[in-house]
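Let's walk through this model together, starting with the overall layout and then moving to the details. Keep the viewer open as you read.

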Amino acid sequence: MLIKIDVDSSQPLFEQVAASVRMDIVAGRLAPGHRLPSARELAEALEINLHTVLRAYQQLRDEGLVDLRRGRGAVVAASAGPLAELSQDITALVSRAAGLGISPTTLAALIKETPV
């Protein structure tokens with residue numbers, strides 16, 4: 001697992017960490033049951049604050065992608081499995097939207113507004 005952050009980006013660091021983990025799940029590089037690095041280890045490796053990593057892990061927990069357990073740390077949740085199955089569909093949708101001239105921001109807004 002390789003987490004990349006850009007300290008010069010306007011996107012908050014915790015969102016960058018969460019997005020990186022999310023993409024690893026979508027790409028199938030992280031499967032359900034996979035243990036993530038401890039927040040302390042990851043903070044040291046990325047040279048960022050421990051609370052930044054904890055906030056990223058909490059966001060992923062709130063999305064149902066990660067289970068946080070005392071003593072066990074962060075583990076990719078079983079509910080994250082179907083996300084990897086959607087990878088090809090997501091890629092096709094993004095490609096189709098780009099071909100139609102729809103920006104990523106507009107596509108994201110359309111997805112959020114679509115009833116389930």
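**From layout to core to loop**

Start with the contacts, bearing in mind that this is a predicted model. Among contacts in the protein chain with a separation of 6 or more, 47% are between residues 24 or more positions apart.

Now step back to the secondary structure. The protein chain has six helices and two strands, and reading along the sequence gives the pattern α-α-α-β-β-α-α-α. Along the principal axes, the C-alpha atoms fill a box of roughly 45 × 35 × 25 Å. The protein chain has 116 residues, of which 28% count as buried. Its accessible surface comes to about 7800 Å², and carbon and sulfur atoms hold 54% of that. As for charge, there are 12 positive and 13 negative charges in the protein chain, and their mean positions lie 5 Å apart.

Next, look inside. The largest nonpolar core has 24 residues, and those touching the most other members are Ile25, Leu36 and Tyr57. Helix 1 (13–26), helix 2 (39–46), helix 3 (50–62) and strand 2 (73–76) each supply at least two residues of this core. Helix 1 gives the most, with six residues.

Valine 66 stands opposite valine 76 in strand 2. Strand 1 (residues 66–69) pairs with strand 2 in the antiparallel sense, over four bridges. Together strand 1 and strand 2 form a hairpin, with three residues between them. In the turn, glycine 71 has a positive phi of about 90°.

Most residues other than glycine have a negative phi. Where does glutamate 47 have its place? Glutamate 47 is in the loop between helix 2 and helix 3. Is glutamate 47 buried or exposed? Its relative accessible area is 73%, so glutamate 47 counts as exposed, the cut-off for that being over 50%.

Notes:
Residues are numbered from 1 along each chain as its sequence is written. This is a predicted model: local features need pLDDT of at least 70, side-chain atom pairs count only at pLDDT 80 or more; totals for chains, interfaces and linings use all residues. Side-chain values use heavy atoms; hydrogens and water are left out. Buried means under 20% relative accessible area, exposed over 50%, partly exposed in between (1.4 Å probe, protein chains only). Contact means heavy atoms within 4.5 Å. Accessible areas come from the Shrake-Rupley method with a 1.4 Å probe; for residues, only the protein chains shown count as cover. Lys and Arg count as positive and Asp and Glu as negative; His and the chain ends are not counted. The place of a charge is taken as NZ of Lys, CZ of Arg, CG of Asp or CD of Glu. A nonpolar core is a set of buried Ala, Val, Leu, Ile, Met, Phe, Trp, Tyr and Cys residues joined through side-chain atoms within 4.5 Å. Two strands pair if DSSP finds at least two bridges between them.
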